[in-house]
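Hi everyone, thanks for having me. I'd like to walk you through one structure today, so please have a look at it while I talk.

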Amino acid sequence: MKRALLYARVSTADKGQDYTAQIEELHQVAKQRGWDVMGVEPNRWLCEYGNKKYGLSSKPITLEAAKFVDGSFDVVTFWDVFEHLPDPAATLKEVHRVMK
């Protein structure tokens, strides 16, 4: 089974609710097509909101802190993330490590 990781970073609650709905749509489409999907969202409230309301399987953590095993994912997507990252190059290095 193919594995996908969704990485969302949203800073406001109002935007977060709409944005989480968009993430949920991508999550559902990927699952319908046979993907094992999970997500990371550093904002604990948004993570819990998305998991509860939309049935997402996200962790309230950054990609780097999640410590996924090498080669864990076939694809990694970013939604509204790069402008919030303290070190985008380090995050991309981590993406390279966790992708097959």
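Let's begin with a question: where is the place of serine 72? Serine 72 sits in the loop between α3 and β4. Before I go on, a word on the model: it is predicted, so to speak, with local features needing pLDDT of at least 70 and side-chain atom pairs counting only at pLDDT 80 or more, while totals for chains, interfaces and linings use all residues. Residues are numbered from 1 along each chain as its sequence is written, and side-chain values use heavy atoms, with hydrogens and water left out.

Is serine 72 buried or exposed? Serine 72 counts as buried, because its relative accessibility is 9%. Here buried means under 20% relative accessible area, exposed means over 50%, and partly exposed is in between, using a 1.4 Å probe and protein chains only. Leaving aside residues up to four places away in sequence, serine 72 touches Arg3, Val98 and Lys100; a contact means heavy atoms within 4.5 Å.

Lysine 67 belongs to the loop between α3 (63–66) and β4 (75–79) too. Lysine 67 counts as exposed, because its relative accessibility is 65%. Its phi is near 55 degrees, a positive value in a residue other than glycine. For background, most residues other than glycine have a negative phi.

A salt bridge, by the way, is a side-chain nitrogen of Lys or Arg within 4 Å of a carboxyl oxygen of Asp or Glu. At 54% relative accessibility, aspartate 70 counts as exposed, whereas arginine 97, at 28%, counts as partly exposed.

Arginine 97 also has a salt bridge with glutamate 94, where the closest N and O atoms are 2.6 Å apart. Both lie in helix α4, three residues apart, about one turn of the helix. Glutamate 94 counts as buried, at 12% relative accessibility.

How many salt bridges does a search of the whole structure find? The search finds four. One of them joins the side chains of arginine 44 and glutamate 48, at 4.0 Å from N to O. These two are separated by about one helical turn, because they are four residues apart in helix α2 (residues 44–54).

Now for the inside. The largest nonpolar core has 13 residues, and among those touching the most other members are Leu5, Val40 and Val76. Such a core is a set of buried Ala, Val, Leu, Ile, Met, Phe, Trp, Tyr and Cys residues joined through side-chain atoms within 4.5 Å. Two or more residues each come from β1 (3–8), β2 (36–40), α3 and α4 (88–98).

Finally, β2 is mostly covered, with four of its five residues buried.
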